[in-house]
Amino acid sequence: MGNEAIAYGAIEAGVQVAAAYPGTPSSEVLSTLAGLAREKGFYAEWSVNEKVALEVAAGAAYAGARSLAAMKQVGLNVASDPLMSLAYIGVKGGLVLVVADDPGPHSSQTEQDTRLFARFAKLPVLDPATPREALEMTKYAFDLSEKLLLPVILRPTTRTCHACQDVEIQDGNASLQPISGFQRSPNWVIFPNLSARKHVWLNGQQEVARDSFESSPFNQLTINKQSDVGIIACGVSYNYVMEALQLAGLAASVLKIGTPYPLPAGPVLKLLQHAKKILVIEEQEPVVEDQVIALAWKNRYATQISGKNDNHSPREGEFNVNKVRSILESFYGRQPEQAATSTAPELPLRTPVLCAGCSHRASFYILKEAARGKDTLFAGDIGCYTLGAMAPLYTTDTCLCMGASVSIAAGLSRVEPHRKQVAFLGDSTFFHSGIPGLINAVHNGANITLIILDNSTTAMTGHQSHPGLNRTAMGPTDRSIDIARMAEACGVEFVRVADPFDLKTAMQAAKEALAFDGPSVVVMQRACVAQMKKGRRRRINPDLCTGCGACVDELGCPAIGKPAGSPEILDNCFGCGFCDQVCPVGAIEEV
């Protein structure tokens with residue numbers, strides 16, 4: 001897989017420290033590294049958030065070690081504070097920042113383009129088209145980082161991250177370079193006068209990077225003398241272009257770009273000399289297209305340059321072969337082929353759903369019932385539990401970004417004090433960015449209730465560790481942080497821990513929390529079903545069932561339905577037993 005290839009590329013480059021926060025589509029980079037860290041002799045960690053991960057990697061790079069930080073594109077927002085300053089400070093050892101973009105998006109709040117961030121931070125970025133190229137680019141990125149004394153961004157997208165390809169890897173341990181160690185210097189301390197001087201240096205490094213990219217093997221120009229059309233294809237879009245040209249029977253000169261910023265002038269100018277019109281194919285923003293237009297204007301080429309700026313290709317969504325073929329045929333003046341009309345019926349919509357037996361469903365149900373009759377708003381957060389927004393739970397009214405639920409609820413409480421504000425937050429997200437919001441709510445006396453959904457893992461991204469667990473990326477540890485005690489340390493006076501599958505006790509805790517004047521916290525504690533053995537499945541006793549539908553209409557568990565018109569528990573029942581307690585007539589029993 002592409003993410004595994006990046007990890008092996010880092011190992012072959014001699015990585016000595018790797019840190020990340022999980023997020024699809026980037027998670028497997030650190031997962032792979034962590035699994036090999038002890039064998040290969042380097043350090044790997046799941047950091048508490050992306051900012052911390054980058055700072056850990058930067059600290060190692062200050063001492064001359066080769067380091068890597070990994071995250072998804074929205075994670076870069078969290079890490080942007082150290083990143084912007086790090087561009088001015090620079091590094092000593094190679095530092096590669098892997099940021100996986102998610103055009104579509106498939107599993108993200110945004111489909112932002114990290115290449116724009118790279119340009120903003122004035123850092124070079126590499127755009128792999130295949131897993132094999134991702135491995136080679138990772139090794140190249142470490143060398144480039146040490147040459148430029150700057151972090152280098154590797155930006156795979158979802159298709160490259162999760163595509164699979166045969167890739168040759170080196171056997172045995174990479175030869176780890178000796179670490180020279182941190183050497184004191186005023187240049188490590190970012191005072192304004194240093195920033196003013198280093199900005200000049202940083203701008204100069206843009207041209208050094210551009211010159212390095214002139215001879216990069218990741219940029220390839222193929223001239224077709226029989227055609228006056230040029231195609232510039234970036235990253236994974238190159239694969240779509242080559243297949244689409246073949247399928248459509250079209251001829252063109254093709255420039256593959258793997259180093260989108262700063263764009264090397266040489267191969268682009270060669271294409272401008274040959275082609276009368278050029279189409280730039282890149283997902284998301286016109287990062288390369290804008291640079292090509294600037295190069296053409298600067299060198300006085302009258303070549304027609306098309307792409308996003310003249311609406312030949314969209315700025316939104318993910319490309320594929322069919323989309324690119326349609327774009328190409330339109331550019332060539334052809335009428336795009338109409339897709340054959342399908343006689344098969346459309347597939348039914350399959351909305352995402354919490355797993356059968358998920359304790360989050362119980363927590364949402366409990367809070368909804370505890371707040372019944374009250375004017376209550378529910379602020380949600382990023383994780384599996386965002387699905388609290390779905391029917392029939394309807395207990396997520398807002399969702400912005402990691403850790404925002406606490407602060408959103410606090411803000412709402414200031415302008416709508418007559419409403420009770422409830423925030424939901426996962427255990428990993430609590431450590432990631434929920435603690436500052438909770439401290440702020442306590443300090444300013446916000447009247448909110450925070451429900452921490454503690455399922456003892458980072459479930460949504462593949463069950464990675466976090467500080468509340470007795471394991472790290474590299475194995476067991478005897479140190480873990482108790483969430484309830486942490487909430488108390490933040491100054492919360494009302495803190496309760498409850499098992500959401502104990503309906504009576506958890507309901508009482510929820511009601512008391514909602515009635516408390518000031519910040520209150522309930523930790524709903526029950527391990528994720530994906531990490532537990534199944535219990536005894538349930539069935540509905542038809543002699544007792546009244547057909548009220550409470551089990552179906554109130555819970556929305558995928559193991560309960562009405563396939564024959566009456567409530568029925570299906571074979572995918574996990575056996576959590578929560579529906580037993582919800583049934584008003586006791587009709588649900590163990591098989």
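Phenylalanine 331 has a relative accessible area of 5% and is therefore buried (under 20%; exposed is over 50%, partly exposed in between, with a 1.4 Å probe and protein chains only). The model is predicted: local features need pLDDT of at least 70 and side-chain atom pairs pLDDT 80 or more, while totals for chains, interfaces and linings use all residues. Residues are numbered from 1 along each chain as its sequence is written, and side-chain values use heavy atoms, without hydrogens or water.

**Exercise 1.** Classify the aromatic pair of phenylalanine 331 and tyrosine 332.

Solution. Step 1: rings of Phe, Tyr and Trp (its six-membered ring) pair if their centres lie within 6.5 Å; here the centres are 6.2 Å apart. Step 2: planes under 30 degrees apart count as stacked, over 60 as edge-to-face and the rest as tilted. The planes of phenylalanine 331 and tyrosine 332 make 80°, and the pair is edge-to-face. Step 3: tyrosine 332 is partly exposed, at 23%.

**Exercise 2.** Which charged end sits over the ring of phenylalanine 331?

Solution. Step 1: the criterion is NZ of Lys or CZ of Arg within 6 Å of the ring centre and within 35 degrees of the ring normal. Step 2: the charged end of lysine 277 sits over this ring, 4.7 Å from its centre.

**Exercise 3.** Classify the pair of phenylalanine 117 and phenylalanine 120.

Solution. Step 1: the ring centres are 6.2 Å apart. Step 2: the planes lie at 45°, so the pair is tilted. Step 3: phenylalanine 117 is buried at 16%, whereas phenylalanine 120 is exposed at 56%.
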